[in-house]
Each structure stands twice: as C-alpha cells, then as structure tokens.
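Dear colleague,

Please read them alongside the coordinates.

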Amino acid sequence: MGILNVTPDSFFDGGKFNDMDTQLSQVEKMLHDGADFIDIGGFSTRPGADEVTEEDELKRVIPIIESIANKFPEAIISIDSFRAKVAEQAIIAGAAMINDVTAGEGDSDMLETVAKLQVPYIIMHKQGTFKDMQAEPHYGHVVREVIQYLSFKIEKLTELGVHDIIVDPGFGFGKTLEHNFQLLKYLDLLRILGKPILAGASRKSMINKLLKTRPENALTGTIAVNTLARLGGADIIRVHDVKEAVETLKVINFYRETV
C-alpha cells in the first residue's frame, strides 16, 4: 500500500504533493514500482497535528481521487479518513476501501456508513487522541489489549453486516518504543482475529527513536521493520517507499517458497 498524503503537515511527506501534477506523478511512480493500493490522506494524524475541517479535507482528497480513478483505472484507491462523509464521498469519487485510524470512534456515523457502502474497512488500534496519544501511553499488556480492542470492533462490525475487515495494530499511535516492538514481535498473535493484517511503520518514530535519526533517513530501518512484519504475518505493508518494499517482499516470499 503506497501512501499519498495530500497535506501540508504530515510527518514525512507533508507539503511534497500539494498540487495535482506532483500528486499524479507520485501515484504513477508508486503503481509502476508495484503498489497494489494507493492510500490517500488529507488529514495529518501525527502527534500534535493541527485540526483540519471536514470541508478542507474533502477539498484535498476528492479531486485527486477522481483524477486517479480517471487516469489510472486499474488503481485500487483507499481513503485514509475517520470521517463518514469524507469516506462516503471518496467512495463515490472512485475509492474502493476505507482506512480509519480511529476504528469508528472518530465519527459516530462511520460504522453504519461502512455497512451501507459494503467496502473493505481497515480498523486500527489507537490509544488517546491525536493531540495527546504520545504523552504517556500505558498498558497492562499491550498485545493482549490491542487484540481485545480489535476483537470488540470486529464483533460490532459483524453485527452491522460488515465482514470485509482488515486489522492494523497501530504502530506509533499511543505506544512507546517498547510497546511498538512488542507488537511487532508478537504480530502473528493477531491471526487469532481471522482477518488480514496491515502493518504501517514506514519511517515512524519507533524507527527514528531507536536509530536516533529523522524520518528522511529512516529507510533502512523501515525495510528492517517491514521484513519483520511480513515474517510475522502481515498481509499488507503500508509504505512511503514502494519500490524498496516490493523488492523486500519479493526476497521474503522467494525465501519462504524455497527454504
């Protein structure tokens, strides 16, 4: 899953793709490099990010989704939003799935909207709000609590008639360095949920803090974490650097087939 943030303040690529030409060029590159999905986000969820109005989010994401759908009809577009209206308008514009980092908690209408639309829905675990989630994360047992949270959400969605669900442990969302790596080490335990697993750690603080580096210098660490995530059972890897991720996965898959 290739990331395209059409925001001015995302932690790595904020402001890089703020016009249609650069956005479409990046999409073309990611598809050429082997992306299966393009994840479009118009609201930065980094810790301490500024609020974005629903109107502004729609203005950011709908035009590029329509353009991608027209220019690259083979692309599978994901809308990265916690707002039901944005998600619904994105699906109408050409997106095919919803990536909600609040698992329905950011908008009380989201779960029923997903049930109405009947599209794949990615639910992520997060502790706290976007503003304070990294202030003081705490868990009794992070892996158990993440699984319990996602299990509860799956049960609720199933009751609403939603069955095409993907789970995301939420690396970097209300977790310390140790919490993130505990989740990575025991990622395979999420298999008990019976749903595909998405891992999104690309250039995040769990890598930067460990290596004492910045997002722009975190590609090597990202490749290492992506490798561990795939070996741990991740089905989808969400990344900024598609070419490197695809090559990494080819090596892992060939290794698994021949050893």
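A cavity here is a set of points, on a 1 Å grid over the protein atoms alone, where a 1.4 Å probe fits but cannot get out, and its lining residues have an atom within 4 Å of a point. Grid points are joined across faces, edges and corners, and a volume is the space filled by probe spheres set on the points. This is a predicted model, in which local features need pLDDT of at least 70 and side-chain atom pairs count only at pLDDT 80 or more, whereas totals for chains, interfaces and linings use all residues. Residues are numbered from 1 along each chain as its sequence is written, and side-chain values use heavy atoms, with hydrogens and water left out.

By this rule there is one cavity of 30 Å³ or more, and the largest cavity has a volume of about 40 Å³. Its lining consists of S202, L219, T222, I223, N226, V239, D241, E244 and A245. Helices are DSSP runs (H or I, at least four residues) numbered from the N terminus, and α8 gives the most to this lining, with four residues.

Elsewhere, helix α2 (residues 54–71) and helix α3 (residues 84–93) pack at an angle of about 20°, with their axes 9 Å apart, the axes being lines fitted to C-alpha atoms over the stretch in contact and the angles running from 0 to 180 degrees between N-to-C directions. That makes α2 roughly parallel to α3, a term used for angles under 35 degrees.

With best regards

Note on methods: 1 Å grid on protein atoms, 1.4 Å probe; cavity = no way out; pocket = protein on both sides within 12 Å on 5 of 7 lines; lining within 4 Å. Helix = DSSP H or I, 4+ residues; strand = E, 2+ residues; numbered from the N terminus. Parallel < 35°, antiparallel > 145°, perpendicular 65-115°, else oblique.
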